[in-house]
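I opened my notebook to get to know a new structure. Here is what I looked up, one entry at a time.

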Amino acid sequence: MTPEVTGSRHLGIPALTVLLGLTLTLVGLVQPGRGYSHEDQDYYLQELHAREQYSKMQMSTGEEPAPSMPGPPETRLQQTPADKKKNPRGGKTDNSRNPEKTAKSQSGTNNTLMVQAICHSPSPECPPMGLETLKIDDFQLHASTIKRYGLGAHRGRLNIQAGLYEDDLYDGGWCAGREDPLQWLEVDARRLTKFTGVVTQGRSSLWSSDWVTSYKVMVSNDSHTWVTLRNGSQDLTFTGNREKEIPVRNIFPAPMVGRYIRINPRSWYGGGSICMRAEILGCPMPDPNNYYHRRNEVTTTDNLDFRHHSYKDMRQLMKVVNDMCPNITRIYNIGKSHNGLKLYAIEISDNPGEHELGEPEFRYLAGSHGNEALGRELLLLLMQFMCLEYRSGNPRIRHLVDETRIHLLPSVNPDGYEKAFQVGSELCGWSLGRWSQDGMDIHHNFPDLNSILWEAEVKKWIPRKMHNHHVAIPEWYQAKNATVAVETRALVAWMEKLPFVLGGNLQGGELVVTFPYDRTRTQGATKEQSPTPDDHVFRWLAFSYASTHRLMADASRRVCHTEDFAKEDGTINGASWHTAAGSMNDFSYLHTNCLELSMYVGCDKFPHESELPEEWENNRESLLVFMEQVHRGIKGVVKDLRGQGIANAVISVEGISHDIRTATDGDYWRLLNPGEYQVTARADGYSLTRKMCEVGYQMGASRCDFTLGRTNLSRIKEIMEKFNKQPIRLPVRPLRASRGRQRRLGVPGPYGT
């Protein structure tokens, strides 16, 4: 078979739609045979028996398994006469291939298995079964042998990542314990399934080079008797990988129906060993009595557009939402990508286009890594959902829209997304499209303000010489020749223009919420706790998202790759995971008033679109709950004695060494956990004012307004400005001495001396 590495994108078709459109559905049946021995029921003994048969074959033929590329040509499975009658649109007839005379299993038994193919041209493609998304659990994966536990069958999942330091628990793939063509990786679908293809990768490793260059595929109904996919009278050998990261997809010439499927490596990279990661494409056969399927089924009642959208499709969808809800939406762009694609955002508010006094501004953005498509689609689904629910009168959505100015930016890196989109969800791998067109990681392309602030703290410049907030962007970063992506510059300008209070950036590849700081304070440390002064607030915000996600805080769930975040309730301080200088979250916190967090919304960065309804159900409540947190804490307006709002007034909370500033109209929002706080408002030229502000447990920010009077010094400066900073010249009056002083000086009084 010719491997499909790149090419046109294959749209996923739901299993029921495929099955309704098929003209033939044929289920494999196990023929009665001799009883199975105890040895045949044990994988380990079965493998030993197979190795013995293999050794005998080698001794008789002198054949040695050489790790080389396979040679069988690509042909289509031929139809049987019975298939020809049932499917007149099929291919050629091959009378020599009788489904009643099937191949013997590798265990050497005489039991036969009739697993027949559903022949169509071209073969319909099924969605992934879920090795990458963890829908297939560890107990459904088996292997002939393993090198060690960390390289067991449960690690043979497409795109699974190894840790920086490989260990015995979390490595990057399945590796066989022996190097011979009798090894296999097996998936138990737990129900009859129509298998249509396989996607493979090599082992994820910084230190090793291991991948399979060719393999065969076998299907079974009972895991004992196997039928190998055949090419006429010969076993069909598929071309595997040429390196360890780029996925290769092979579509079967005709679908095969069974419960179990095995990948049998036949050759592998000469400098490595038998290691692979895989995904199986398959459609479950209809079975309303299957309890396992019904127990794990997740459905949605939301009538939304569940598919992956190209840049053009995204723009059209946003226009449709705007046309449906013109009174609460506005589309605008914050700039352009490297390739000239506009970075579109949609605003959702009861007065779009205006900042209303006292109304907080919230933002979600996604796609800073272009290949992390799930966050992008979740924001497109969210804008549809909010529009429809607002129109239907949903009180929760109406209150959120009326009291908040919401901004959704679904694609920060459209250039990278288009690369991944064109290849498809299973073939883009872990990194294709991640970076901007000019090779920048947009999420970590912001100025490193942490070092500037921490150095000032060491020198004791705060607050005398430098503020603990709104840290200035260094000059080198603003230079035209600085290594800054155009998308990053657009984001910086957007963040400075609007008074955002709370924000979340959606990412993929994990199930966790991270919060600042993302950089470690200790020089050279790769990971350590680096809390901000608002650590308690950040932890609550992170928990509000993770705890309402269907999977994120589930302690019983399987880890995506190497980290068990569920034991921390699905949240983690960014620097204690891995250090990163110049992150979007740290920049937002140190340069603006906005508290920003990262939501890693799924193990699969680019899930098949058949997974989107379930992913929407996983994240919908979390997306709404996190938005509502923008109304937690205190809010108010800082005015002067004439009732005019004071811009850039500093709001300080005792015990938290991080201040915020008022917006242009003098309004402010300070996110705080429940409690009593002594809050100070001050501004240049005004006397500072303090008051106690209480934050309750109920949703809704507490009102805490301030009125500031001018200082004497500021009034003097104002008068001097009025006179162009010249001394004030008053009329000169004659100086009269006191009467006593006149007598001493001999000056006659009005009545003489």
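Which residues does tyrosine 364 touch, not counting residues up to four places away in sequence? I am working with a predicted model, and there I found that tyrosine 364 touches Leu379, Leu382, His407, Leu408, Leu409, Gly504, Leu506, Tyr545, Ser622, Leu623, Phe626 and Met627.

Next I looked up the nonpolar cores. The largest one has 91 residues, and Tyr364 is among those with the most contacts inside it, along with Leu382, Met386, Leu491 and Leu597. Helix H6 gives this core its largest share, eleven residues. I also noted a second, separate core of 29 residues, which includes Leu141, Val198, Val212 and Met276.

Then I turned to helix H8, residues 414-423. Eight of its ten residues are buried, so the rest of the structure largely encloses this helix. I wrote down the buried ones: Pro414, Asp415, Gly416, Tyr417, Glu418, Ala420, Phe421 and Val423. What covers them? I found that the cover includes helix H5 (311-324), strand S14 (342-348), helix H6 (373-392) and helix H11 (486-497).

My last entry is about a pair of strands. S22 (residues 650-653) and S23 run antiparallel and are joined by three bridges. Is S23 (residues 656-661) mostly covered or mostly uncovered? I found it mostly covered, with five of its six residues buried.

How values were computed. Residues numbered from 1 in each chain as written. Predicted model: local features only at pLDDT ≥ 70, side-chain atom pairs only at ≥ 80, totals over all residues. Heavy atoms only, no water. Buried < 20%, exposed > 50% of the residue type's maximum accessible area, 1.4 Å probe, protein only. Helix = DSSP H or I, 4+ residues; strand = E, 2+ residues; numbered from the N terminus. Pairing = 2+ DSSP bridges. Contact = heavy atoms within 4.5 Å. Core = buried A, V, L, I, M, F, W, Y, C linked by side-chain atoms within 4.5 Å.
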